[in-house]
Amino acid sequence: MADHDYPQVKKIDVISGARVLSEGWDPTVQHDIYIEGSEIKNIAPHLTSASSHTSKKVLDARNCLIAPSLCHAHIHLDKCFLLSDPKFADLEIVKGDFAEAMEITAKAKARFDKDDLLRRGTWLIAESIAAGVTHMRAFVEVDHIVHMKCLNAAIDLKRKFAAACTIQICAFAQEPIYSGTHGDANRELMEAAVFNEHVSVVGTTPYVENNEETLKKNIGWAMKMGSDCNIHLDFHLDYNLDGSKNAQTDFVAKRLQSMSLYQRIRSSAERLTVVLSHCTRLTMYDEPEWQALSQCVQHLELYFVGLPTSDLYMMGKPRDHEGGGERVRGTLQIPQMIQRYGIRGAIAINNVGNAFTPYGSCDPLSIASMGVGLYHAGTKKDARMLYECVSGRAMEAIGYSSRPFMIGEPATFVLFDMRGSGGSLLSTRRERKSLQEVLFDPPKGRKTILKGHLITT
Ligand SMILES: [Zn+2]
């Protein structure tokens, strides 16, 4: 396949015979979904006669369950698959802690060039699309080590995949911007990056600063940049399980109260959001603290994104004096935060194939599936919630609207082959029939439709 033919994008007029997995739809009934341009024109009971659709570009989906497409609310595009790329084979994990992850990644970053950024980025985007992802917030670092290399590669990838995946770029300061020898240089580079027309989000990591004063300056700087550039905000925050440290989440939420830009009163077309991720320190909150946070965030466009694979890996390391049977871990209980406190949120993959998170795939559904055990979420209602956390709620968190299966809305879906795999005879295969089964054991056979187009990578 020639490079200009990739990814393949094929117009679809009718999705025929699919069973709809979405609120208010009976998954036992087959439907035909008619598409005009990029939007849903009509959804009607399935016409069983194949000739009914002969003049159309029909996608036969009689063996498929169709659901809202998936979304990465938080994924690092530039430092993915460092552990898979032969170029970085010498950078092995030895200790497995956060300091080593920063150190290994900084060494890798010093060697980043356009070729490997595009190669690894293409792996991530292509594998994500194959999993059913149509939207992603892609983090790329900007600092004294990489300068604008990662951002420029992300812009190239955003253009290359424009018809296949909506890529929202976050200019991200993983390094300190107010402390250390390179703080000022990092900040100046970020100040240039956030004004780039392709950048929709400013992101920082306040906890890498050297004290509480510089940490607060980091937050204040990002808020000023967000409002100067009229873009979304995204903080990696409160990534600890240390009760002696103040949670900065309250500080951020209170500061946002006086910023009209990030209030829920704005129209959906102008909506700008603030995302707080990790926030493991909040798992030590008691009931009154959760109630107070809930009150504080109700009028804000504030979303929490749980990153469970990274949290479990980074926080599962035993301290030297421990025997090995003891582990302290924490990750945001996103479904419970939504259900019990009315706090908005989603869950995401964060990193894949690097020293921060060596394991996992580009499939958001793998995280949702892990959530069944992690959040003790095994009911039908839980399955819907977990699915939403990697689809509609994830899109909402990063500023897109999601009204699946409504006439006039974008025809954007994922189709799951419900026949399963294994068994040489179709009759011996185990069929998936419900969203719960999709969550418990995500199907591998999938098709991705973005705005009325079948995407193949
Ligand atoms: Zn992250």
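Student: Which residues are the protein donors of the zinc ion?

Tutor: A word on the source comes before the answer: this is a predicted model, in which local features need pLDDT of at least 70 and side-chain atom pairs count only at pLDDT 80 or more, whereas totals for chains, interfaces and linings use all residues. Residues are numbered from 1 along each chain as its sequence is written, and side-chain values use heavy atoms, with hydrogens and water left out. Donors are N, O and S atoms within 2.8 Å of the metal (3.2 Å for Na, K and Ca), and since water is not among the atoms, sites may look incomplete. Here the donors are His-74 (NE2), His-76 (NE2), His-236 (NE2) and Asn-350 (OD1), lying 2.1 to 2.2 Å from the zinc ion. Their spacing in sequence is H-x1-H-x159-H-x113-N, and the pair of His-76, in strand β7, and Asn-350, in the loop between β14 and α10 (364-374), links parts of the chain 274 residues apart.

Student: Why is the arrangement around the zinc ion irregular?

Tutor: Four donors count as tetrahedral if all angles lie between 85 and 135 degrees; four count as square planar and six as octahedral if opposite donors are over 155 degrees apart and all others between 65 and 115; anything else is irregular. The 4 donor atoms subtend angles of 84 to 164° around the zinc ion, which makes this arrangement irregular.

Student: Are His-76 and Asn-350 buried or exposed?

Tutor: Buried means under 20% relative accessible area, exposed over 50%, and partly exposed in between (1.4 Å probe, protein chains only). Both His-76 and Asn-350 are buried.

Student: What is the strand order of the open sheet of 8 strands?

Tutor: Strands (E, at least two residues) and helices (H or I, at least four residues) are DSSP runs, numbered from the N terminus, and two strands pair if DSSP finds at least two bridges between them. The order is β7-β8-β9-β10-β11-β12-β13-β14, with parallel pairing. β7 (70-76) and β14 (345-347) stand at the edges with a single partner strand each, so one side of each is left without a neighbour in the sheet. Within this sheet, β8 (residues 133-141) and β9 (residues 166-173) pair over 7 bridges, and His-135 has Thr-166 in β9 as its bridge partner.

Student: How does β3 pair with β2 and with strand β4, and in which sense?

Tutor: β2 and β3 pair in the antiparallel sense over 5 bridges, with Val-14 opposite Tyr-34 in β3. β3 and β4 (residues 39-45) also run antiparallel, joined by 6 bridges, and they form a hairpin with 2 residues between them, where Gly-37 in the turn has a positive phi of about 65°. Because 5 of its 7 residues are buried, β3 is largely enclosed by the rest of the structure.

Student: Which residues other than glycine have a positive phi?

Tutor: Most residues other than glycine have a negative phi. Among the cases here are His-147, with a positive phi of about 50°, and Asp-238, with phi near 45°. His-147 lies in the loop between β8 and α3 and is partly exposed, with a relative accessible area of 41%. Asp-238 is found in the loop between β11 (232-237) and α6 (248-256), and is buried, with a relative accessible area of 5%.
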